[in-house]
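Me: I want to learn to read a protein model feature by feature. Please give me the general idea each time, then the case at hand.

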Amino acid sequence: EGVQPQEYTIIKMEVVAPFPSKLKVLEGRKVFLAAATLRPETMYGQTNAWVLPDGKYGAFEINETDVFILTQRAALNLAYQKYSRVPNKPTCLVELTGYDLIGLPLKSPRAINQIIYTLPMLTVLTDKGTGIVTSVPADSPDDYMALHDLKAKPALRGKYGVKDEWVMPFEIIPIINIPEFGNKAAEKVCADLKIKSQNEKEKLAEAKRLTYLKGFTEGTLIVGEFNGRKVQDVKPLIRSKLIEANEAIIYSE
Ligand code: A2H
């Protein structure tokens, strides 16, 4: 954990009914995977969500209507952030693991894809953010490599019970142009650095540094209502719009 508090945007990714047996008790409520992101302006390009298969999660009652799936640690943090309007003692309605979430279909704000699926990523940390990550393979090297691994390795899909149709139809959606890296910055930088899998931590850290910096300072959106505008100008606007539409909330830790 850093010394500086990190301010994330939690994206409310709605679980689409009918719910699987483990979530049946939640039917009739609005249930969301609560994904923590630093890049709300990239939500157009979501292709899936990530969970840690062995991670512990819970379905927490956030208010009268909403249930959030996230780590207990994050549920507690949220409960103490008054503006989030969650009660101080969040009630866990169902205890879950990442395995229970794999394959859940989601509807996520601003995503060009109508439905996306929940998939396993082995480098998700349960002591950071909410333990749920939304995947934007065009602009996130971690997301790009994890999706690449699942597409390239049938045995990896088999190990985690991932159906082909949750992965194979989902291509990178270009959303931001960076002069130096093009429209699929993560793919370009991972190729340049010869990154082979999601487990190459040091190289991925370098890839993230490069794309994050350039994406913010030099990136231009090429989709959506802010098409043609600079990332640094519209990032706060997109974030406020998501929050006003009740599709996202602020979360810090
Ligand atoms: B970002 P920082 Cl397009 N475990 O969102 C692993 N990674 C996590 C996580 C967790 N528990 N919680 C959040 N993250 C990811 C979008 C994105 C992100 C893009 C490009 C770069 C990027 C789509 N994924 O992050 O360590 C989330 O992925 C690169 C920095 O707190 C979140 O933002 O700095 C970012 O890591 C937070 O990382």
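Me: Where is the place of proline 18?
Reply: Proline 18 sits in the loop between strand E1 (7-15) and E2. Strands (E, at least two residues) and helices (H or I, at least four) are DSSP runs, numbered from the N terminus. This is a predicted model: local features need pLDDT of at least 70, side-chain atom pairs count only at pLDDT 80 or more, and totals for chains, interfaces and linings use all residues. Residues are numbered from 1 along each chain as its sequence is written.

Me: Which peptide bond joins alanine 17 and proline 18, cis or trans?
Reply: Start with the rule: most peptide bonds are trans, and most residues other than glycine have a negative phi. The bond between alanine 17 and proline 18 is cis, with omega about 0 degrees.

Me: Which residue has a positive phi of about 70 degrees although it is not a glycine?
Reply: Arginine 110. Arginine 110 lies in the loop between strand E7 (105-107) and strand E8 (116-120). A second case is lysine 194, with a positive phi of about 55 degrees, again not a glycine.

Me: Lysine 194: buried or exposed?
Reply: Count C-beta atoms, placed from the backbone: a residue is buried if 20 or more others lie within 10 Å of its own, exposed if 12 or fewer, and partly exposed in between. Lysine 194 counts as exposed because it has 8 C-beta neighbours inside 10 Å. Arginine 110 has 22 other C-beta atoms within 10 Å, so it is buried.

Me: And threonine 65, buried or exposed?
Reply: Threonine 65 is exposed, because 9 other C-beta atoms lie within 10 Å. It lies in the loop between strand E4 (56-61) and strand E5 (66-70).

Me: Which residues does threonine 65 touch?
Reply: Two residues are in contact if their C-beta atoms, placed from the backbone, lie within 7 Å. Leaving out residues up to four places away in sequence, threonine 65 touches Arg29 and Lys30. Threonine 65 and arginine 29 are 36 residues apart in sequence, yet their C-alpha atoms are 6.1 Å apart in space.

Me: How do I read a helix by its sides?
Reply: An α-helix has 3.6 residues a turn, so residues three or four places apart point the same way. Take helix H6 (201-218). Its buried residues are Leu204, Ala207, Leu210, Thr211 and Gly215. They cover an arc of only 125 degrees around the axis, so they lie on the same side of H6. The arc is that of the directions from the helix axis to the C-beta atoms. The face turned away from that buried side carries the exposed residues Lys201, Glu202, Ala205, Arg209, Leu213 and Thr217.

Me: What do the buried residues of H6 pack against?
Reply: They pack against helix H3 (141-152), strand E10 (176-177), H5 and helix H7 (231-244).

Me: Which residues in H5 are buried?
Reply: Ala185, Ala186, Glu187, Val189 and Cys190 are. The buried residues of H5 pack against H3, E10 and H6. Take alanine 186, in helix H5 (residues 185-192). It counts as buried because it has 29 C-beta neighbours inside 10 Å. Beyond four places away in sequence, its contacts include Asp139, Ser140 and Thr211.

Me: Which residues come nearest the ligand?
Reply: A residue is near a molecule or strand if its C-beta atom, placed from the backbone, lies within 6 Å of it. There are 20 residues around the ligand, and Thr37, Gly129, Val136, Asp139 and Ser140 come nearest. Strand E2 (30-37), strand E9 (133-135) and helix H6 each supply at least two residues of this shell. E9 gives the largest share, 3 residues.

Me: How many residues of the shell are nonpolar, polar and charged?
Reply: The shell has 7 nonpolar, 8 polar and 5 charged residues. Ala, Val, Leu, Ile, Met, Phe, Trp, Tyr, Cys and Pro count as nonpolar, Asp, Glu, Lys and Arg as charged, and the others, Gly among them, as polar.

Me: How many helices and strands does the protein have?
Reply: The protein has 7 helices and 12 strands. Of its 253 residues, 44% count as buried.
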